[in-house]
Every structure is written in structure tokens, then in C-alpha cells.
Amino acid sequence: MDPDELRRALVERLIALRAARSPAVVRALSSVPRHLFLPEIPAELAYADRPIALVIEDGVTISSASQPSMIAEMLEQLGVRRGDRVLEIGTGSGYTAALLAHLCGTDGSVVTIELDPLLVERARRALRTAGFDRVRVLLGDGAGGVPDYAPFDRIILTVAADDILEPWRTQLVSGGRLVLPLTLRALQESIAFEGSDPLYSVSIVGASFVTLRGARAVAPHEVDLESTPGIRLRVGDPARLDVAALSQYLKAEPAFVELGEIQIDDLWSGLDVWLDAHLEDAGVATAIGGGTAACVDEWLSVVDDEPRYATTFVLCRESAIGFFVRNRRRVGIASYGDAAGLIDRARAAIARWIERGKPPNSVLKVSAHARTSPPPVDALITKPSVTLALRWTRR
Ligand code: SAH
């Protein structure tokens, strides 16, 4: 099929999903030929709303062309204006860099940095072919930002970080914006920040990115489960888990408790982040298949047929609980191992969430404090360079 046709269909889908909303982002997505950044695969696949793995090492994807709906969401968060100086960390295929160049126009500039020399070459080639050779592709570790071209009006990471490093804050102009997929305790959220110290969030959307490598690398936060082939768990700190024991007890028949007050949408729309923030000693993990909406659906139907698996897990060393969904509606807790204490703590956290009116992620405010002290909030998460303060405001 004609790539232009396929691109039109993709853009329509992204508009219908409300991932692409502003005329500028819609125009960029409509013009940049994504298939030229993915020449090895059929155009039909390049224009599917899916991430495409570029480099896989030991079964873990370490580079992928991001999913178009995720890119669209993040571009909306970033709010690039014509004339902006933009830095992207994590070039990958170069596709996002081309969209950024389209958004800032020829008066603006895009610098993108990538750790992998082969990917740098590949992205340069694709950008040239697509007519975006004005994008500067640098080889290096984005942990230090790019001081030579700083300051930037907009900085975007398309790779997940576990911390907010100082150069990303200080290489931003006053009034600039930083968008990054940030791991809270275990869950990744793409957060748009303004300010410097503190940075304060202006928007938050769920994300699923490969993790940062290099000097400030984060261990891959993914665990394979022998019991559920093809499904991996993304967890907070794998060092705090006994993975062997975990795969063992996840194999056993779980016990079930139904939670009358929780609906399926609650799991995605706010409860997962709430639990991630409030259950300090446990890690919330998300089961991931391929990272696509279709995959989530398939997963849910697996849950329907055999309510043995769950989509969101809370894990401790000796036990785990997972939220399961029956008939696509009824939600309950499946528990593995000696989970009585964990169930109690999770139920208490859920009760507080319900008392607060089930605050969705859209009312979550995150501030990041380097030298400033955080105000009183709902939860604090300490990272090496910043303390994250999470506050759920009223609906
Ligand atoms: N925007 C890209 C996404 C690429 S995936 C696209 O849509 O194609 C993220 C990329 O970040 C990977 O290619 C990975 O190699 C790169 N990366 C990981 N750690 C990095 C680091 N510290 N500095 C620069 N790039 C990094």
C-alpha cells in the first residue's frame, strides 16, 4: 500500500485516540515519512501504532522506534514552538528528531544525542533521506546533556530515566520545558516539567520506554516470568526482589479476593501510580507483552479465560499480589505466597484512594527538588539527584 495512504490512516487513528491534538503536531505527523526511518520493515508495519525494536541484547530491547501514539502524546506535552532550540536524548531511529525539526521549523534547531554509534549512522542516513539533514546527530551519553549547544528551550528524553540529572535542568532556559519518561518507584510516567529547582509538573501520561544506558545507566527493570511466557514484569528495583522465588510463587495457584469498589479503569487511570507511591517497601510492577494497546487487550482476554494472571502486580520478597479482572469488569486481588500483610497494606492504600475520591493521574502534581525542600505532600520518593514530591489535588 502507498506509504502516504498508510500515514494518513495512522494520523487519523492518533487523532481519534486523542494522542495528537494540536494542529502543529498533526501537521508534523502527517508530513514526516516514518517508513524512511524504518527501511527494513514493510511500510504497513512502520505505520502501525507500535514500537519497533531496533536493538535487542540478551532478550531485552535496548533501542526501539517509539510507538507513534506515545510520541504524539509527548510532543503535545513538549509544546515545541517555531524557532525553539530543542535537545532530544535518545535518537534511536531519528524519527522523533525529524518531527521535532518539523515543529521548530528552519528558524529553530534540533540537536539529538545517541549512545550507540551504529544508530547514530543509521539516524543520520535516514534524516538525510527524509530531507532533515539540518538535525544535528551527536554520538555520546545524554546524561550530561549537550553543554556545547545549551541552553535549550525544550529538552525531551525518549529513553526512561530513574532520576532527573542536573544538566537537564540547568541546560534549560528559564521558562523552558523538560519532558521525560521518569520511573517513580516502579512505574514510568512521561512528565512535562517547568521551572528549575523545584521543577514542577505541568502534565503526566503513562509511558513505556527502554531505560537509560551509559554513565547513569539504570539496570533493566524487567523480569522474565517462566510461568507466563512472553510476558515480562517491569519492576522498580530488581535488587529488592528475589526473582527466582517470585517466578516460583507466581506459578502456584493464587488465592482470590474480590474488590467491589474498584473498576477496571481505576487500575490504569490512577490507582497504579497511587500504589507505586504509597507502598514504599513493595514494588509495583506492570506486566508487559509488547507494549501496545492491542496487547493489553489480549492480555485482558487471557485474564478473562483464566483468572490466574494479572496486569498490575505488587511484589514483595516473599509474596505478591496482582490485580485481576473478570469478565472485563470485576476487579480483585490475586495473591501468591504468604501475602496477608501485603493485602492489608494494599487494601488500606486503596481505601485511602477511594476516600480521596479516586484521584486520577490527571490531578497528580509532581515537583522535583534538588536543593530546595519539598512541601508537605502525599508521598516523597528519593532519587540520587532530586526528591520527588507527589501530591494529588482535588478533581
Ligand atoms: N526517539 C527514538 C527512541 C529511541 S529508543 C525513536 O523513536 O526512534 C531510546 C534510545 O536511547 C536508544 O536508541 C538508546 O540507544 C538511546 N540511549 C540509551 N541511553 C542513552 C544515553 N545515556 N545517551 C544517549 N542515548 C541513549
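This is a predicted model: local features need pLDDT of at least 70, side-chain atom pairs count only at pLDDT 80 or more; totals for chains, interfaces and linings use all residues.

Biologist: Okay, and what does T96 do with the ligand?

Modeller: T96 goes for a nitrogen atom of the ligand, with a polar side-chain atom 2.9 Å away. S66 uses its backbone instead: a polar backbone atom there is 3.0 Å from an oxygen atom of the ligand.

Biologist: How much of the ligand's accessible area does the protein cover?

Modeller: 100% of it, and on its own the ligand has 580 Å² of accessible area.

Biologist: Which elements give two or more residues to the shell?

Modeller: Those are β2, residues 60-65, and β4, residues 109-114. Of the elements, β2 gives the most, with four residues.

Biologist: And how many residues surround the ligand overall?

Modeller: There are 23, and the closest are S63, S93, E114, G142 and R213.

Biologist: How does that shell divide into nonpolar, polar and charged?

Modeller: Eight nonpolar, 11 polar and four charged.

Biologist: Switching to salt bridges. How many are there?

Modeller: The count comes to 15. One of them joins the side chains of R81 and D84, with N and O 2.9 Å apart.

Biologist: Which residues are linked with R81 in a network?

Modeller: D84 and R154; the three are linked by salt bridges.

Biologist: What about R85, which residue does it form a salt bridge with?

Modeller: With D153, where the closest N and O atoms are 3.1 Å apart. R85 is in strand β3, residues 85-89, and D153 is in strand β6, residues 152-157, so the pair ties together parts that are 68 residues apart in sequence.

Biologist: And how accessible are R85 and D153?

Modeller: R85 is partly exposed at 35% relative accessible area, while D153 is buried at 9%.

Biologist: How exposed are R371 and E166?

Modeller: R371 is exposed, with a relative accessible area of 66%. E166 is partly exposed, at 38%.

Biologist: Let's do strands. In which sense do β8 and β9 pair, parallel or antiparallel?

Modeller: Antiparallel, over seven bridges, with β8 covering residues 188-195 and β9 covering 199-206. Within that pairing, S190 stands opposite V205 in β9.

Biologist: What joins β8 to β9?

Modeller: A hairpin, running through three residues.

Biologist: And how many bridges join β9 to β17?

Modeller: Two, and those strands run antiparallel. Y200 stands opposite S367 in β17 there.

Biologist: Last topic, a couple of residues I picked out. Where is W353?

Modeller: In helix α11, residues 340-355. W353 has a relative accessible area of 0%, so this tryptophan is buried. Its C-alpha is 9.8 Å from the C-alpha of W392, which is 39 residues apart from W353 along the chain.

Biologist: Then L14, which helix is that in?

Modeller: Helix α1, residues 3-16. L14 is buried too, with a relative accessible area of 0%.

Biologist: How far apart are the C-alpha atoms of L14 and E73?

Modeller: They're separated by 9.3 Å, with the two residues 59 apart along the chain.

Key:
Residues are numbered from 1 along each chain as its sequence is written. Side-chain values use heavy atoms; hydrogens and water are left out. A residue is near a molecule or strand if one of its heavy atoms lies within 4 Å of it. A polar contact is a pair of N or O atoms within 3.5 Å; within protein, one must be able to donate a hydrogen and the other to accept it, and residues adjacent in sequence count only if both atoms are side-chain atoms. Accessible areas come from the Shrake-Rupley method with a 1.4 Å probe; for residues, only the protein chains shown count as cover. Ala, Val, Leu, Ile, Met, Phe, Trp, Tyr, Cys and Pro count as nonpolar, Asp, Glu, Lys and Arg as charged, and the others, Gly among them, as polar. A salt bridge is a side-chain nitrogen of Lys or Arg within 4 Å of a carboxyl oxygen of Asp or Glu. Buried means under 20% relative accessible area, exposed over 50%, partly exposed in between (1.4 Å probe, protein chains only). Two strands pair if DSSP finds at least two bridges between them.
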